[in-house]
Amino acid sequence: MVEYPSFLPVSATFRRLAPLSRWVSLVAFVSLVSGCASEPAGVVYLGSTTSVYDTGLLDTLVAAFEQENPDLEVKVLAVGTGQALALGRRGDADLVLVHAPDAELEFVRAGHGRNRVTFMRNDFVIASPAEDPAAIRGISETETEPGPAAFATIASAEAPFLSRGDDSGTHKRELALWAASGASPVAPWYQEAGQGMGNTLVIASERRSYVLTDRATLTVLGDAADLEVLVQGGHLLENFYSIMMATAGRNQAGAERFWRWLLSERAQSMIASYGSDRFGAPLFSPVPFVIPDDSAAGDGSEATNPVVLAWQLLTSGDAYVIDVVLRSLAISGAALILAVLIGLPIGVGLALSRFRLRMPVVALVNTGLAFPPVVIGLVVYLLLSRSGPLGPLELLYTPGAVILAQVVLAGPYIVAVTLAALDSVSPDVRMQARGLGASQWQALLLHLREARASLVAAVAAGFGAVISEVGAVMIVGGNLAGETRVMTSAIVLETRRGNFSVAIAIGIVLLTIALAVNLLLTLLHHRGPSSPIPA
Amino acid sequence: MRTLSSDAGPAILTGRDLLVAGRAAPLLDIEQIEIRGGEILSVLGPNGAGKSTLLRVLAMLQTPDSGSISFLDRSGREAERLMRKRSAFVFQRPHLWAGSVRSNIELGLRLRGHASDSRRQVAEQAAAQLGIQGLLERDARALSGGEAQRVAVARAMALDPDVLFLDEPASNLDAMARTALIEDLEHVARDGRHATVLATHDRADAFSLADRVIVMRDGRVVQSGCPEDLFENPVDPFIAAVTGAELSFRASVTSSQDGLLVVYVDETELAAAGSAEPGDRVRVVYRPEDLFLSRSEIQGSPRNRFQARVTEIRPAGSLLRVRLAGAGHWVAVITRAAADELSLEVDTVIWVQVKATALHAFQV
C-alpha cells in the first residue's frame, strides 16, 4: 500500500483508488501531458527564393513529398535569396533553395552550408512594356551576350529601369550585369522597388520601366502585368537554382530526407513537366548533377549582435536610415496637415450642427476609425492605378499617393476626436460667451480654445496612426528607394534582406517617435478640458 | 415700503406674442411683457415654468418660434446687435474660462476691444462691488460655488449693461452662500444704473429684491404686479401658495357684496375676500401668521372672531405652530414669547381673530 505524504496536493478521490490503478493513471497522465507538450515528429524549414515559390512549383513539390513522407512537414519560407541565406546561417532554416552562385559558394566556404547541388535552371530575361524607349528589341539577334549590351543601351538612353533592390538572387544577377555592361545605373531613371519578383513586375508595368526578371515568374504573372520579353539569351542571363543543407539547422535528418527526395527521379521529372499544361512550355528544366557526399560540417562563424550594430548605425548617423526617417516625417507631416485642414472644420461643423442626418454621419465617421488601413490602401490603389478614375494623375508609386492614403487614414481620426473634444466642453459655452457680448464667431473661437488640449490630442492621434502604418503605404507607394520608402516599409524590406541591424535601427527610431506621441497624449489628457465649477 | 412700479423708467425691452414650442405643450407662451428702465423684475415660478426660456428669449440668446422683441426702440437684427452690446447674462452654472479670475472678469471687455488699462480698472471696480477683490489673481477653476457665481456677476457688471439678466444665480449654492449672494445682488441691483431681470424659484428671494414680480407656470404668466399686489390679491390658489398662503379649507358662500363674501363653515359664518355667488363652493386660503390669538375677546378691526381649542403645539424653527379646532380646523404660527404670555398648552381654549382680507376665497 503506497502512502502519499500528506502535504502532496493529491485529491482525496485519488487516494481512495486501488494502489495499482493509481500508478497506471499517473503514468498515463504524465505521458499524455508530455505528448501534448512535445513537437510533432518532423518539421523541416526550407528558406527559398521568391521566384520559385511564386510559380507554385514549390507547393507542388512539397505536397508530393509530404504525401510520400507523412511524418515530415516541410514549411517553406519564401523570403528571397538574401534572407534565406541569413536564415540558414542562423539555423532558422534547415535547407536553402536559392539562385545566386557566388553567394552560395561563400555560404559553403564559410561553413554555413553543405551538400550544395545545382539541380534546376531557367533563364533571366529583360522585359518591358511594348514602348521600348531605348530600342533594345533586336539586341538578342546581334549580340552573343545580349544582357550587358542591353543594359549599356538602357543606361545611355537613360530609360526607366526598375530593380528588385532587395539583395535577392535576381538582384545580385542584375548588379553583375551592370558591372559587365560598364555602365553605372543612377537615379532618377534607375529605381529600386525593394519587393518580391511578382510585385516588382506589377510596379514596372505601371511605371513603364525595363525590368530584369526570371522567365517563370513573368510567365505565371501573365496578363496581370503588361510586359513582354525583349531580350534573352547568353550565358549571363542563365539562371541556376541550387539546394543546400544548413549546418546550423535543427532537423538535419529531416533536411537530408527532403534533399534526397528533391534530387530523385520523381522530383526531377515533376520539375521537367511543371507548367507545360498551363503555359504551353515547362517553366524550369532539370540540370544534370552528381550527388555529393559532404559529411564534413563546418562551424558557423559567429554573428555580430545586430542590436549593437543598429546602435552604431544610429549614433554614426547612417545616411540611409536618416533618409528614410526624414522622408517618413515629411510624408506623414504633410498628410497630417492636409488631414487637419480638411478634418477639423468638418469635426467643428458636426459638433455645432443639429441636422437630421447627424447621427448616421457621426456613426459613419466612427466606422472610418475602424477601417483596416490596408483596405484603405487597396481602395486608393484602385483609384490611382492606370485603369482607375484618377489614373491620369499618375500619382501611383509617388510620394503623393502615400500622402493621399495617409490623409484618408488620418481624416476620420481628426474628425472623430474633434467632435468628441467639442462635445466634452459644457454645451452652453457659446451661449454664455454671447451673453457677455461675443459675436457668433468670437463665441466659436472661445469654444475651440476651451477644447484645445483635446484638439491637440486629435492631431497627435492622427499622426500616430499614419507614422506606424505599413500595409497601405506599401500598396500605393511601392516602397521605392529614395522616393516612397518610409520607416515601416523599410523595416519590412531590410528584414527580408537579412539586414537586421538596419531594420532594428529604424525600428528604434519609430518606437521612439511612437512613445513621444503617446507621452504627449497622456500629458494632455491629464490637463483635460475645462471642468465646470463644483455645484 | 418699496417704490411703486410707476417710479421706474419707460419700457426699454418689450416682447410680444412670444411662443416657444415644446414637445407636448409650449415652453413659453406670453402675449405681452415689458422691462422698464432701472427696475428690478423677478420672474418667479417652479422648475419647468419657463423662466430660463423667457430670459434667454428676452436676452435674444434664443430665437422664439414666433413673436417679436423690441429693445430700445429697435427690432430685428439691429436690436440683437444692440442687445449684445448693452446687456449681460449670468447663467445658473457659469462657465469660467481657464485663467485667472481677473481674466474672466475682463473677458467681456476684451471681446469688445477695450484697452488693457481701462479693462484693469473696470475689472477691479466690478470685483470690489461683489466683494472679491482678493480673488483677482486666483485660478478661476479653484473657486467655491459662491465665489464662482460672484465672479460671473462681476464680469457681467464690468460691462455696465442696461439690462442685467440673472438666471437662477443662487440655485446651485448652499443656504449660507445663497443668502450672502442675494444680499450682494441687492446692492448691485439697486445702484440704479440698469434694469435687472432675476429668474428664481425661491419666493423669498423674488419678493425681497423685486420692484415687480411675474409669476409663471407652464410657460405662461399667471399674474404680475408689485409684491404687495400679489400678496393681497392673488388671482388663484397657485399665486396664493406662491406668496405663502398654503393653508386652506372649504366652505360655501352665503352672501356676497363688492368683493366681500360671507362663507359658512362648521356652523360659523366668516367674512372673506373674493368674488363668488351665494351657493358656490369656495376654497379659502390664508397665512398662519395672519391669525391673532388672545385669551379674551378683544374688540378690534378683525371681522372674524371665534373661539377654538388648541389640539397640538409643535416647534417650527424659532416659532411655534399651533393647531386649533373651532369654526373648522386652523393652523396658527406664533412666537414662543407670545405662547408663554398666553400660557398656551394643549386643550386650552382661546380666541382667534383674523381679518377678512387675510382670508382669500377662490371658486372651486
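Helices (H or I, at least four residues) and strands (E, at least two) are taken here as DSSP runs, numbered from the N terminus. The structure is a predicted model, in which local features need pLDDT of at least 70 and side-chain atom pairs count only at pLDDT 80 or more, while totals for chains, interfaces and linings use all residues. Residues are numbered from 1 along each chain as its sequence is written, chains are lettered from A and ligands numbered from 1 in the order in which they are written, and side-chain values use heavy atoms, with hydrogens and water left out.

On chain A, α18 (373–384) and α19 (399–424) each supply at least two residues of a nonpolar patch, and α18(A) gives the largest share of that patch, 4 residues. The patch covers about 660 Å² and is made by A:F371, A:V374, A:V375, A:V379, A:L383, A:L390, A:L393, A:L404 and A:V408. Of these, A:F371 is found in the loop between α17 (358–370) and α18 of chain A. Such patches are made of residues with over 30% relative accessible area and no salt bridge, like charges being joined within 9 Å and nonpolar side chains (Val, Leu, Ile, Met, Phe, Trp, Tyr) within 5 Å; the accessible areas come from the Shrake-Rupley method with a 1.4 Å probe, and for residues only the protein chains shown count as cover.

Between the two chains, 21 residues of chain A are in contact with 27 residues of chain B, contact meaning heavy atoms within 4.5 Å. Chain A and chain B bury about 2200 Å² between them, 60% of it on carbon and sulfur atoms, where buried area is the accessible area (1.4 Å probe) that two parts lose on being put together, summed over both. The count of salt bridges between chain A and chain B is 2. On the side of chain A that touches chain B, α20 (429–435) and α21 (440–450) each supply at least two residues, and the largest share, 6 residues, comes from α20(A).

A salt bridge is a side-chain nitrogen of Lys or Arg within 4 Å of a carboxyl oxygen of Asp or Glu, and a search of the whole structure finds 39 of them over all chains. Two are tabulated here.

| Salt bridge | Closest N and O atoms |
|---|---|
| B:E80 with A:R434 | 3.4 Å |
| A:D71 with A:R257 | 3.0 Å |

Two backbone features remain. The peptide bond from A:A187 to A:P188 is cis, with omega near 0 degrees.
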